[in-house]
Amino acid sequence: MNSIHHHLDDSTLLSYGAGALNEGFSFVVATHLQMCEQCRERQAQAEAIGGELLASLPPVQMAAGGLNALWAKIDNSAAQPQAISKPKINPQALLDGDYSDIRWRTLVPGIKQHIFDDLESDSGSVRLFSIAPGTTIPHHSHGGGELTLILSGSYHDEIGRFQRGDIADLDDAISHQPIADTAEPCVCLIATDQKLRFSGVINRVLQPLIGI
Amino acid sequence: MAEKTVSWLLAVANKRSREDFAKLYEHFAPRLKAYMMRNGADAATADDLAQEALAQVWRKADRYDPSKAAASSWIFRVARNLQIDKFRKKKFQEVDLEAVAERPDVGIDSHDRSIARIDSQRVHELIQSLPQDQLDVVHLAFFQGLTHTEIGIHLDIPLGTVKSRLRLAFNRLRQTIGDQS
């Protein structure tokens with residue numbers, strides 16, 4: 001198995017630890033964390049910072065009788081099992097390559113996509129892309145952030161080569177042109193918080209049609 | 001204090017000690033209330049949420065591993081997930097780090113590295129020593145849950161500046177946490 005070479009940016013991890021990423025980015029970060037111990041360690045460090053910030057907050061007095069009320073609540077609810085809310089989307093299925101819940105639509109020749117409509121991501125979206133070998137994602141930039149997690153296959157661009165588990169954590173300064181470069185399709189999970197801007201005449205014609 | 005909170009939490013986990021839970025309550029409830037209020041709750045709602053966070057601490061205490069985290073970090077995580085659930089549009093369930101750790105070959109990139117136990121006092125000192133501009137972005141992220149974009153709008157600074165201040169703050173604060181990378 002290969003190692004992960006491309007990791008989450010510190011600013012992303014710190015905000016994730018703080019609970020300050022939007023839902024779409026949180027989903028992609030959480031999926032990457034299931035694969036990457038190095039990033040899990042940094043996430044734990046971010047929570048340690050959170051713990052210290054919490055511990056040093058000036059206290060605000062609780063309402064009178066709070067602890068007794070809490071015991072009553074705990075003792076009452078002990079009788080009923082706690083309902084565990086199911087996550088909206090299970091990252092494990094994606095990690096296992098189980099796309100049975102995925103409805104692919106062709107975006108352009110060589111690129112299929114599935115949009116996770118349930119996930120909120122400001123003005124952007126969360127999509128699963130399947131990119132055929134040799135296909136180039138049209139040259140584009142993005143105002144705002146973009147997180148791309150490789151689930152299978154690989155691509156390379158101006159930054160480097162990205163394989164399973166790698167995550168590209170880009171901000172708005174980056175303009176890039178990823179090319180899928182192995183014999184199998186490159187499947188990746190992409191969250192953006194703004195609309196993507198594609199350059200080039202042909203792509204500007206396509207853009208309203210493909211609605212990115 | 002950090003060591004005491006660890007021993008109280010362990011007593012709750014191992015012996016279901018109500019006496020030690022009462023000490024955790026006394027120490028953390030008013031701070032959890034403060035945390036929820038900073039995230040936008042009114043006093044009554046914050047009070048309820050602090051209670052709910054501590055109820056979860058009672059229920060899940062057996063999952064606490066003192067070799068991996070300070071008690072305050074673990075309790076912070078409970079509170080953070082609760083505040084996400086209540087205040088933000090984000091509802092996606094967080095990855096459960098303890099559950100992930102139990103599966104030995106879960107990741108591609110598994111090394112034999114344990115998460116070093118943090119020195120709470122040192123983290124506290126380093127937070128106090130952060131330059132004001134870094135402390136401001138840290139507070140906006142942790143206490144108000146603002147995204148990078150929202151912080152940029154709030155402080156009227158570019159997105160790149162927000163990210164670099166957060167990176168600098170994180171780098172400085174992790175000096176104490178045994179980061180080997």
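## Aromatic contacts around chain B

A:Trp71, B:Phe21 and B:Trp58 make up one aromatic cluster. This is a predicted model, where local features need pLDDT of at least 70, side-chain atom pairs count only at pLDDT 80 or more, and totals for chains, interfaces and linings use all residues. Residues are numbered from 1 along each chain as its sequence is written, chains are lettered from A and ligands numbered from 1 in the order written, and side-chain values use heavy atoms, with hydrogens and water left out.

User: How many aromatic pairs are there over all chains?

Analyst: Rings of Phe, Tyr and Trp (its six-membered ring) pair if their centres lie within 6.5 Å; planes under 30 degrees apart are stacked, over 60 edge-to-face, and the rest tilted. Over all chains, that rule gives a count of nine.

User: What kind of aromatic pair do B:Phe21 and B:Trp58 form?

Analyst: Their centres are 5.3 Å apart, with 75° between the planes. That makes the B:Phe21 and B:Trp58 pair edge-to-face.

User: How many residues apart in sequence are the parts that B:Phe21 and B:Trp58 tie together?

Analyst: Helices here are DSSP runs (H or I, at least four residues), as strands are (E, at least two), numbered from the N terminus. B:Phe21 lies in helix α2 (residues 18-38) of chain B and B:Trp58 in helix α3 (residues 43-60) of chain B, so the pair links parts whose separation is 37 residues.

User: Is B:Trp58 buried or exposed?

Analyst: Buried means under 20% relative accessible area, exposed over 50%, and partly exposed in between (1.4 Å probe, protein chains only). B:Phe21 has 0% and is buried. B:Trp58 has 8%, so B:Trp58 is buried.

User: Which charged residue sits over the ring of B:Trp58?

Analyst: A charge sits over a ring if NZ of Lys or CZ of Arg is within 6 Å of the ring centre and within 35 degrees of the ring normal. For B:Trp58, the charged end is 4.0 Å from the ring centre and belongs to B:Arg16.

User: Which helices hold B:Phe76 and B:Phe142?

Analyst: Both residues are buried. The pair ties together parts 66 residues apart in sequence, because B:Phe76 and B:Phe142 lie, respectively, in chain B's helix α4 (residues 71-87) and helix α7 (residues 132-144).

User: How many helices does chain B have?

Analyst: Of its 181 residues, 53% count as buried. Chain B has zero strands, and its helices number nine.
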